[in-house]
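The following paragraphs lead through a structural model, from overall composition to individual contacts. The reader may wish to keep the sequence and the coordinates at hand.

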There are 2 protein chains.
Amino acid sequence: MNPKQTDRRRFLKNGAALAGLAIGASASALPAAAAAEPALEKVDELHLYGERSHFVTDVRNGSINNPERRLKDEAVAFGLRTPMQDSVGMITPSPLHFTISHSFEPPDIDPAEHHLLIHGMVDRPLIFSVDEIKRLPFVTRFHFVECHGNSSPRGPGGDARVAVNATPQETHGFTSCSQWTGVLLSTLLKEAGVQKGATWIIAEGADEPKHSKSIPIGKAWDDALVAYGQNGEPVRPEQGFPLRLIVPGWQGINNVKWLRRIDLVDEPYMAMMETSRYPSMRLDGKSRWFEFELGPKSVITRPAGGYKMPGPGFHEITGLAWSGAGAVKRVEVSTDGGHTWKDAQLHDPIARKSHTRFSAPWTWDGKETVLLSRCTDDQGTVQPTIAEVAKLWNADIDFLLKTQQVVGDFNAIQPWKVNADGSVQNALV
Amino acid sequence: MNPKQTDRRRFLKNGAALAGLAIGASASALPAAAAAEPALEKVDELHLYGERSHFVTDVRNGSINNPERRLKDEAVAFGLRTPMQDSVGMITPSPLHFTISHSFEPPDIDPAEHHLLIHGMVDRPLIFSVDEIKRLPFVTRFHFVECHGNSSPRGPGGDARVAVNATPQETHGFTSCSQWTGVLLSTLLKEAGVQKGATWIIAEGADEPKHSKSIPIGKAWDDALVAYGQNGEPVRPEQGFPLRLIVPGWQGINNVKWLRRIDLVDEPYMAMMETSRYPSMRLDGKSRWFEFELGPKSVITRPAGGYKMPGPGFHEITGLAWSGAGAVKRVEVSTDGGHTWKDAQLHDPIARKSHTRFSAPWTWDGKETVLLSRCTDDQGTVQPTIAEVAKLWNADIDFLLKTQQVVGDFNAIQPWKVNADGSVQNALV
């Protein structure tokens, strides 16, 4: 490689680009090195478990489930969203993984006392301790978990999603991605010996309302896993410590936290959440039940709502894309409101049913415009426009934006408007 | 897939295997669900940044650099080690990333005030703010960072490494792996325009002693990157917040933290650390200077030192492998002290200059034995025995184990002895 080469990767060449101020450089222009020395006593203890810089202040936002609201109004906002606008790579830091729970605080489970029961239509009912599960062959895989209401104009985040000043956290913060480690559910089912006629599993958590979910057994044989590890450490309490069922690519509600029981049965059990909250009612009175797989989706995370462009010039566009059907095959980006599209770069790892980081170079001319991203998955399914989503619902766009009903599985293209003053706003309002 | 199929993946079939107790199952055998409800006030605030379970207590061990010790005795233990024995997947949680610093506390840097200077033999000296760097095209890559003294019988961890009760944390805890996000150094060098004759870079940190390192410019053009992201969040202070130079596969000392300056020069600068501590002296009086690339290495993390086998039966063996030369191509495991070897399974992602998770099935017969793992990288280099390492050093094994001199780049095969009572011990003592 020739270091002197001038090519399109040189961002300074147009003068208006960003990259650094040309200076008469000398070491005296540098910031002073930190000088003060802390007290040495007990300094070891302070470093046994590291902390982030106090200058880094990103947190989840929203609210944990509020039972008073729950009793009065199901459509009210609840849940804590991941701060996607500052995300890098494709791993969500575990402390920032979104959480929606239909109960109160996560249960405080001693892993030495926790067990997983596999029973029902099996030859050998089995009960496993957590340590026993950790001694079995495991898999380690990147998978996103996404609430089926994520990015919906009427989802769990409430009005914040359609506010003009919404950030990617408010619009798309109910999805997160981790490296999960655990045992394939198929490994456990083979141990138990599934009987003929068992067509569904009922997964049950150890939380206070004992959240249960009916899942077709084909998914159990495919890629569902009983996870004990998340991003190199034990699953976090808010994510189901010590055991969580990961059902890759399917609505978040299936990923049962604090997993304590798998019941093999011959029909779905019409559990509370899957009957009272998750069927989708259309305008024509028809409803969809037992929807599972999440469609292709993407969102530009920077520049995006709440960001202020520092000025015209070069700015790499970056975002996340994912699909419940498989791997992300392609992401296109438009910097002119959809008139033209260009392929974005996909960054490794490009894993199945996982967030994938994308980026695309952009030189902003200082004029108002709209940024868009569009995901295509490896099944060939293309992320739809909001008009296409409305057609599916037998409704118009205004209905989607203003109904009080939760519209699940909403994966329309997200528009971000860049104003001439550099401010960036949510254009899906 | 036939759920009734009985094959080698059924771990219960031999009776002596572990996997679960067959019971007359009923829901009453389950642990009671958590019942108590916490106070609802301020519950939201408690969840803005999640915490791990209080039942999870893994921490780094060792000591942060102690200046009094440093002045008296360079060979004394210092540094904080990653708890590898409980690791899953191949990402090290950022709070548990090992740290060795030749200064005191990490500097407390305000990223808004921090800059990176690129100067010396360049056409256009440049100074970048952190925000400016974040607007450039980036890469996201898995890379390990490893201290060149990691796993050495005489490394920074001191006598703990050769204790019979050493865990993988004590033997191999000075390596960690993250998903780093940042700008390739080559991108910045192209902006600055490197002049003819510039053959080395000097990278300098903003820490109190201004740690500096000479690096051949070929590595800068290859894959070195200026990282601002680690595992989806900003680089941690102990790892160089806000900017760290990542020099993939090379001795940890090159990965300059708190990076503030890159000087393009025409020779190495014989900086303090690379002259006073890092040359390797052999018994014949010859020494090796400017060693960079770390060799292929692996360690079984479970069952390993400090673990207690719960009894005979099935137990998946698992561990980590890596090489500074490229990707891990193969890991072999021996469960009989090296008489026979079998290929382990490598788990995705298998990235270049990154930790790779491996596993291998094992059914323990309850007898004393020794477990070993051996890594081969994609250059065909095989992890050596300790006898082979001793030969390289023109020494014998006893010298390696007992010298007071730090023996760097020590990548010999690690033996774990399994005793008949199920205890597992360090056999490299």
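Chain A contains nine helices and 26 strands. The model is a predicted one. Of the 429 residues in chain A, 54% count as buried. Among the contacts in chain A with a separation of 6 or more, 71% are accounted for by residues 24 or more positions apart.

The domain assignment divides chain A into domain 1, covering 61-282, and domain 2, covering 297-426. Taken over C-alpha atoms, the centres of domain 1 and domain 2 of chain A are separated by 26 Å. Contact between these two domains of chain A involves 34 residues of domain 1 and 34 residues of domain 2. On the side of domain 1 of chain A that touches domain 2, at least two residues each are supplied by strand 6 (139-146), helix 4 (168-172) and strand 14 (280-281) of chain A. Strand 6 of chain A gives the most to this side, namely four residues. By class, the side of domain 1 of chain A that touches domain 2 consists of 16 nonpolar, 15 polar and three charged residues.

Attention now turns to a helix within chain A. Helix 5 of chain A (residues 185-192) is largely enclosed by the rest of the structure, because seven of its eight residues are buried. The buried residues of this helix are A:Leu185, A:Thr187, A:Leu188, A:Leu189, A:Lys190, A:Glu191 and A:Ala192. They pack against strand 4 (115-120), strand 5 (126-129), strand 7 (175-184), helix 6 (217-222) and strand 10 (225-230) of chain A. Just after helix 5 of chain A, A:Gly193 adopts a positive phi of about 75 degrees.

In chain B, residues 185-192 form helix 4, and seven of these eight residues are buried, so helix 4 of chain B is largely enclosed by the rest of the structure. Its buried residues include B:Leu185, B:Lys190 and B:Glu191. The packing partners of the buried residues of helix 4 of chain B are strand 4 (115-120), strand 5 (126-129), strand 7 (175-184), helix 5 (217-222) and strand 10 (225-230) of chain B. B:Gly193 follows helix 4 of chain B and has a positive phi, near 80 degrees.

Two sheets of chain B come next. In one, four strands of chain B form an open, antiparallel sheet in the order 16-18-22-21. Its edge strands are strand 16 (297-302) and strand 21 (345-346) of chain B, each of which pairs on one side only. Strand 18 (residues 317-322) and strand 22 (residues 356-360) of chain B run antiparallel and are joined by five bridges. Within this pairing, B:Ile317 has B:Ala360 of strand 22 as its bridge partner.

The other is an open sheet of five strands of chain B, in the order 20-19-24-25-26, again with antiparallel pairing. Strand 20 (342-343) and strand 26 (424-426) of chain B are its edge strands. Three bridges pair strand 24 (residues 369-377) with strand 25 (residues 416-418) of chain B in the antiparallel sense. B:Leu371 stands opposite B:Trp416 in strand 25.

Which residues touch the most other members of the largest nonpolar core? Of the 68 residues in this core, they are A:Ala321, A:Val331, B:Ala321 and B:Val331. Not counting residues up to four places away in sequence, B:Ala321 touches B:Lys297, B:Ser298, B:Val328, B:Val331, B:Thr356, B:Phe358 and B:Cys375. In soluble globular proteins, nonpolar side chains tend to be buried together.

Notes. Residues numbered from 1 in each chain as written. Chains lettered and ligands numbered in written order. Predicted model: local features only at pLDDT ≥ 70, side-chain atom pairs only at ≥ 80, totals over all residues. Pairing = 2+ DSSP bridges. Domains from an automatic or database assignment. Contact = placed C-beta atoms within 7 Å. Nonpolar A, V, L, I, M, F, W, Y, C, P; charged D, E, K, R; others polar. Buried ≥ 20, exposed ≤ 12 C-beta atoms within 10 Å, placed from the backbone. Core = buried A, V, L, I, M, F, W, Y, C linked by C-beta atoms within 7 Å.
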